[in-house]
Amino acid sequence: MSRLKQTQAWLALTQHYEQIKHLHMRDLFEEDQQRFARFSLHHNDILYDYSKNCITDETVDLLLKLAHQAELPSWIERLFSGDKINHTENRAVLHTALRDRSDTPIVLDGVDIAPEIKAERAKVTSLAEKIRRREWRGVSGQPITDVVNIGIGGSNLGPLMVNEALRPYSLHDLNVHFVSNIDENHINETLEYLDPKTTFFIIASKSFTTQDTMLNAETARQWYLSLIGSDEQIGRHFSAVTSNTKLAMEFGIAGENIFKMWDWVGGRYSLWSAIGLSTMIAIGAEQFDELLEGAYELDMHFRKSPLEQNIPVMMALLGIWYNNFFEVQATAVLPYDQYLHRFAAYMQQVDMESNGKYIDRSGDEVDYTTGPVLFGEIGISGQHAFFQLLHQGTKLVPADILAPLFSYRCIARHHRALMSNVFAQTEALMRGKTEPEARQELQDKGLSDDAIEKLLPYKVFPGNRPTSTFLFDTLTPRTLGSLIAMYEHKVFVQGVIWNINSFDQWGVELGKQLATTISDELNDDEQVGTHDCSTNGLINYYKQRRSFKRKQK
C-alpha cells in the first residue's frame, strides 16, 4: 500500500466515507437552512456553489487536512516561484508568468524573464493590430480577410475555445479558422473558399516537426504557391509560433514573423502566450489583456486565499473525494452558455493530459485512482442526450454547471428558460423523486392503480447526484480568464495530493513513435509482418484496398 493511503488524513477520510455514504443531500438541506451560505464562495462576479455535494462540515475539514498533509501551500509557492516542479523534464511551470500584471521580477535560473515576456507580447500585439486595422497587406496589396491557425493539442484547443467563447468581441468581417486534423478533409474544406491573396496562416508547433501540424502547414504552403505562383512574398502570409526558429525560416517564414514558445510553458497552458496570436487578432489587444487580467486575478486568489476559501482548492478536493472514496470514474463539465461550447473539450486536455498518470513522483506505480474521465457538452443539449444516465443511471457522475446571469443580446424569455433549466437540473439531481412522490404524481394524472404499479418504478429518481454551480454575470474576457485559471489550478492541486507530475505528457509519445514507423511502411504495397497479427492485418487490408482502388481508376 502506498504512503498516501497509509496517512492519517487518508485513513480518516476512508472511515468518514463509511459513516456518511448513505446520507442523502435532500436530508442535509432540510436539516440545515444555511448550507448554501456555508458551502459557496465568490471571486469577483463568479459565484461557486458547492452545497449540492455529498459533504458535511466534517468532510470539508478532513479534505483540508489532506491538502495540508500534502504541503499544498508550499507547492503553490513553488509553482509561482519558478521551481522546476516538472521534474521528469527538469522544467519550471510558469504559464502564470505570461499573465502576471504585478511588474515584479519573475526569476528563472537567476534571470528575470518578465522583460522577455513583455517584449514578445508587444511583438505579437504589433502584428495582430496591423492585421485588425487592415494595415498588413498581402501579396496583392489587399488587406487580410481570413486567418488560419494550424496546430494540434494546446496549439489548437486553447485558442479555438477562447475565440468561440469571445465571439461577441471579435471583428465580424475578419474570419479566424482552425485546422488541426491530419485528415485532409479538414484543411481542404477550410481552404476551399479562401483567397490566398487575403489569407494569413499561423503555424503553431513548438518543435516545428509535429507530423499533424507540419503536414497541414505544407499543404497550406503548396496551396498558396500553386495559386500565387511565387514564394517571394510568402512572409506576408505565413507566421510561426515555435521554439525552432531554424526550421521555421527554412519553411519560408520571415524571422520577424516567428514568435517564441518557451519550454516552461506546456502546450495545454499556452493560450496565454504567442499561441494566442489568433485570439488577439480576433478580439484585439485590449480584450486580450482583459483575458490575462482575469486569469491573473484568479492566480492571486489561488495564491493568497486560505485553503478553505480557495475556489480551485475546493474544486480539487471535491474531485478527490468522489474519485478516491466514492470510486467515481467520470466527471462532467456542462456550460449553459452557447459561447462555451468548446469549453469541455479544452478542459479534457487540461485535466486528462495532466493527471492521467499511474506513476508517482518517486517513479512508483500508484495504488489509487488518479485523473477521472472528463466529458461534457452544452447543458441544454446534454439534457436530451446523456442526462438520463446522470439522473437514473447506475454510475455516479459529479457535474460542474456553468451559466451566465445575463446574455450579450438578452431576449428575456430565452434567458429565463435557460436559467430555469440550470436551477431545475441542479435541484432535480440533488433531490430526486421518491416513490411516494412519484405515486402521488401518477394518481394526480388519473391513472388506474394497476397502471400506477406498472409505471411507478420507472418514475422514481434516486437523487443525491452531486453538482457544483458556477454563476457569473456575463462571459467577458476577464471572467473567461478566471474560469480557465480555476480549472488549471484545480488540476494542479489534485496532482499535488496524488503525488504525480501534472506537467509532463509522456503518454502521448508511444503512438506518435509507432505512427512514424508505420507511415514509412505505407509508402509501398508490400505486405507487412513486423507487428502483431491484428495490426499487420489492418495495415495489409488497407494496402490491398488502396491498390484495388488505384487499379479501378
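**Close-up views of a predicted model**

At 10% relative accessibility, arginine 26 counts as buried, where buried means under 20% relative accessible area, exposed over 50% and partly exposed in between, with a 1.4 Å probe and protein chains only. The model is predicted, so that local features need pLDDT of at least 70 and side-chain atom pairs count only at pLDDT 80 or more, while totals for chains, interfaces and linings use all residues. Residues are numbered from 1 along each chain as its sequence is written, and side-chain values use heavy atoms, with hydrogens and water left out.

**View 1. Arginine 26 and glutamate 437 form a salt bridge.** The closest N and O atoms are 3.0 Å apart, the term requiring a side-chain nitrogen of Lys or Arg within 4 Å of a carboxyl oxygen of Asp or Glu. The pair links helix α3 (residues 25-31) to helix α19 (residues 435-444), across 411 residues, helices being DSSP runs of H or I with at least four residues and strands runs of E with at least two, numbered from the N terminus. Glutamate 437 is partly exposed, at 34%.

**View 2. Within helix α19, arginine 439 and glutamate 435 lie four residues apart, about one turn of the helix.** Their salt bridge has its closest N and O atoms 3.7 Å apart; arginine 439 is partly exposed at 24%, as is glutamate 435 at 43%.

**View 3. Six strands form an open, mixed sheet in the order β1-β2-β13-β12-β10-β11.** Strands β1 (40-43) and β11 (373-376) stand at the edges, each with a single partner strand, so one side of each has no neighbour in the sheet; two strands pair if DSSP finds at least two bridges between them.
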